[in-house]
Amino acid sequence: MNPYILATLLFGLGLGTTITLTSSHWLLAWMGLEMNTLAIIPLMAQHHHPRAVEASTKYFLTQAAAAAMLLFATTWNAWLTGQWDIFQLVHPIPATMITLALALKVGLAPLHAWLPEVLQGLDLTTGLLLSTWQKIAPFALFLQLQPAVPSLLIVLGLLSILVGGWGGLNQTQLRKILAYSSIAHLGWMILVLAFSPSLSLLTLLIYFMMTCSIFLTLKLNKAFNINSLSTSWAKSPVLTALTPPILLSLGGLPPLTGFAPKWFILHEMTKQLLVANATLAALSALLSLFFYLRLSYAMTLTSAPNNILGTLPWRLPTAQTTLPLALFTILTICLLPLVPALLVLFSV
């Protein structure tokens with residue numbers, strides 16, 4: 001892609017997110033979300049592959065439906081209250097519609113079906129943008145709406161954790177597995193949003209670190225399905241040894257960084273006397289842990305095909321910058337002792 005066009009599109013992404021983050025007016029927030037959508041679609045379709053065009057079309061239609069629903073709900077709310085302020089949600093029906101529209105924007109269950117299909121059609125760099133940056137603006141609106149319908153947020157959170165774990169069990173494509181992982185992690189954030197917004201924000205930050213680490217690892221290995229992971233030992237043995245801790249951190253195992261947000265969220269849910277919900281979330285997390293262990297097994301305990309028909313991929317020195325990967329890998333594996341300090345920082 002032309003660097004000037006790429007810079008313009010990335011500027012549009014940043015500007016759309018900034019407008020939504022700084023707005024207190026529903027029309028401005030809606031405009032920021034639309035700028036985000038329109039800026040990322042050319043990035044999604046840049047390879048002119050039929051699968052990429054299909055993913056771009058699905059993403060556009062889904063986001064357009066969510067935007068229309070959001071605009072209708074905010075107009076209804078303005079008609080009821082006489083103002084467009086984001087914090088003025090007094091009627092439960094517009095509040096519920098806005099929550100569902102934002103859930104469709106980010107891919108929360110049961111409005112999640114588009115996310116695995118769209119992510120499967122993208123290259124890993126654009127998929128990383130879709131899994132991280134595109135979540136910021138809708139999540140900022142979720143943070144401002146969190147007192148409106150707490151019971152709906154709990155239902156969406158539990159359902160997303162369950163669907164994210166259950167849906168990834170029978171997948172062989174890594175991008176679909178990461179899409180279901182994204183759904184499950186978003187469920188954890190939404191589950192605790194009504195009780196501790198700072199904890200939800202911390203979970204989002206740690207999810208971004210872990211997701212950047214695993215996407216950059218797969219990009220360096222040029223891995224797109226589980227079978228291709230078995231050749232990673234020959235390509236980069238050190239990175240292959242570090243990838244299972246990254247995957248297990250995504251699964252939430254101690255003493256890795258991903259354990260902290262899940263532990264704090266379960267603790268917060270127990271304090272709110274929602275023991276049954278906390279138990280269901282913890283048991284559903286075991287489903288996600290299974291396919292992370294499956295990927296770890298494929299990388300470390302299986303060997304590449306060595307018969308005549310199983311040819312190894314051609315290997316050349318990578319041109320990818322490895323500094324971001326090294327930074328995110330260290331944070332994903334070793335940040336656990338500093339997480340309480342980060343939680344205090346986010347609570348201030």
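Modeller: Gladly! Let's begin with a term: a crossing is left-handed if the near helix is turned anticlockwise from the far one by less than a right angle. That is the case for α13 and α14, whose crossing is left-handed. Please keep in mind that this is a predicted model.

Biologist: Why are α13 and α14 called roughly antiparallel?

Modeller: Helix α13 (residues 259–271) and helix α14 (residues 275–300) pack at an angle of about 160°, and their axes are 8 Å apart. Angles over 145 degrees count as roughly antiparallel, and α13 and α14 therefore get that name.

Biologist: Which residues of α13 and α14 meet?

Modeller: From α13 there are Lys262, Leu266, Met269 and Thr270, and they meet Val275, Asn277, Ala278, Ala282 and Ala285 in α14.

Biologist: What makes alanine 66 count as buried?

Modeller: Buried means under 20% relative accessible area. Alanine 66 has 1% relative accessibility, so alanine 66 counts as buried. This residue sits in helix α3 (residues 50–81), and beyond its neighbours within four places in sequence it is in contact with Ala101, Leu104 and Lys105.

Biologist: How do you know that the largest nonpolar core lies between domain 1 and domain 2?

Modeller: That core has 68 residues, with Tyr59, Val118, Leu191 and Leu229 having the most contacts inside it. Domain 1 (1–148) and domain 2 (157–306 + 321–347) both contribute residues, so the core lies between them. Apart from it there is another core, of 32 residues, including Ile86 and Phe139.

Biologist: And what does valine 118 touch?

Modeller: Not counting residues up to four places away in sequence, valine 118 touches Met44, Ala55, Lys58, Tyr59 and Leu130.

Methods:
Residues numbered from 1 in each chain as written. Predicted model: local features only at pLDDT ≥ 70, side-chain atom pairs only at ≥ 80, totals over all residues. Heavy atoms only, no water. Core = buried A, V, L, I, M, F, W, Y, C linked by side-chain atoms within 4.5 Å. Buried < 20%, exposed > 50% of the residue type's maximum accessible area, 1.4 Å probe, protein only. Domains from an automatic or database assignment. Contact = heavy atoms within 4.5 Å. Axes fitted to C-alpha atoms, helices over the stretch in contact; angles between N-to-C directions. Helix = DSSP H or I, 4+ residues; strand = E, 2+ residues; numbered from the N terminus. Parallel < 35°, antiparallel > 145°, perpendicular 65-115°, else oblique.
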